[in-house]
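Colleague: I would like to go through the ligand site and the salt bridges of this model. Please take the questions one at a time.

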Amino acid sequence: MTLIIAVDGPAASGKGTIAARLAQTYGLPHLDTGLLYRAVGMKVLEAGGSLDDEASATQAARGLDPADLSDDARLTTGEAGEAASRVAGFVGVRAALLELQQAFAAQAGGAVLDGRDIGTVIAPEAQAKLFVTAAPEVRATRRWKQLTARGIEISFADMLADIQRRDDRDAGRGSAPMVQAEDAVLLDTTDMGIEAAFDAARRIVEAARAKHDL
Ligand code: C5P
């Protein structure tokens, strides 16, 4: 049995937590593909390069190794998220990261991947596809609470502007824009806590498994 679960959606929609819990529930490996773009963005910045330079970003993506992904604290900052969404618009960067993600999806037994283009580009063959979203104000509130709990100071207005800028950039780019796949199920978590959101996600996956006899 192979079960590929694609979880796409904007920042702070709950997709990462949902994907991690689905992976645990179904005993599947999980790849947070946002981390790849974050690592590329940080590599460019740490080498003193410009986030507008496609050639250096592509080189950083081609040379990515597991050690670049190991420092979670460095990759989960707002700076890394912003850098990620800048380099993610480059065709060369996306091409360099494609094979790795597709190989992860093609593992025997299946996998869970979360990102922006999993159901559309990376694994269009996925049996279960979810597009997880929530109102921008709700997503900004969630992210703001996470950051302030970690002692990071940011105003709510700045947080909301940050979320909206990233949504626009991710949905507006020419290469693999963030868009709901035609056969993905929309899960709007605006009025849901994480337990309710996870239950809804599991029901979507169960329906997909029944449909595919898995
Ligand atoms: O999901 P996360 O916030 O970690 O993603 C950071 C950025 O990486 C996104 O804003 C997006 O620009 C980019 N990304 C992408 N495609 C993916 C995953 C992330 O373009 N599959």
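Modeller: A definition comes before the counts: Asp, Glu, Lys and Arg count as charged, Ala, Val, Leu, Ile, Met, Phe, Trp, Tyr, Cys and Pro as nonpolar, and the others, Gly among them, as polar. Note also that this is a predicted model.

Colleague: How many residues of the shell around the ligand are charged?

Modeller: The ligand is surrounded by 15 residues, and the closest are Arg38, Arg94, Arg116, Arg166 and Asp170. By class, the shell holds 3 nonpolar and 4 polar residues, and the charged ones number 8.

Colleague: Which helix gives the most to the shell around the ligand?

Modeller: At least two shell residues come from each of helix H2 (34–46), helix H5 (78–87) and helix H9 (156–172). With 3 residues, the one that gives the most is H2.

Colleague: Which residue forms a salt bridge with Arg74?

Modeller: Side chains of opposite charge can pair when their charged atoms come close. The cut-off used is 4 Å between a Lys or Arg side-chain nitrogen and a carboxyl oxygen of Asp or Glu, and the count comes to 14 salt bridges. In one of them the closest N and O atoms are 2.7 Å apart, and the partner of Arg74 is Glu46.

Colleague: Why does that pair tie together parts that are apart in sequence?

Modeller: Arg74 belongs to helix H4 (residues 72–75), whereas Glu46 belongs to helix H2. The pair therefore links parts whose separation in sequence is 28 residues.

Terms used. Residues are numbered from 1 along each chain as its sequence is written. This is a predicted model: local features need pLDDT of at least 70, side-chain atom pairs count only at pLDDT 80 or more; totals for chains, interfaces and linings use all residues. Side-chain values use heavy atoms; hydrogens and water are left out. A residue is near a molecule or strand if one of its heavy atoms lies within 4 Å of it. Helices (H or I, at least four residues) and strands (E, at least two) are DSSP runs, numbered from the N terminus.
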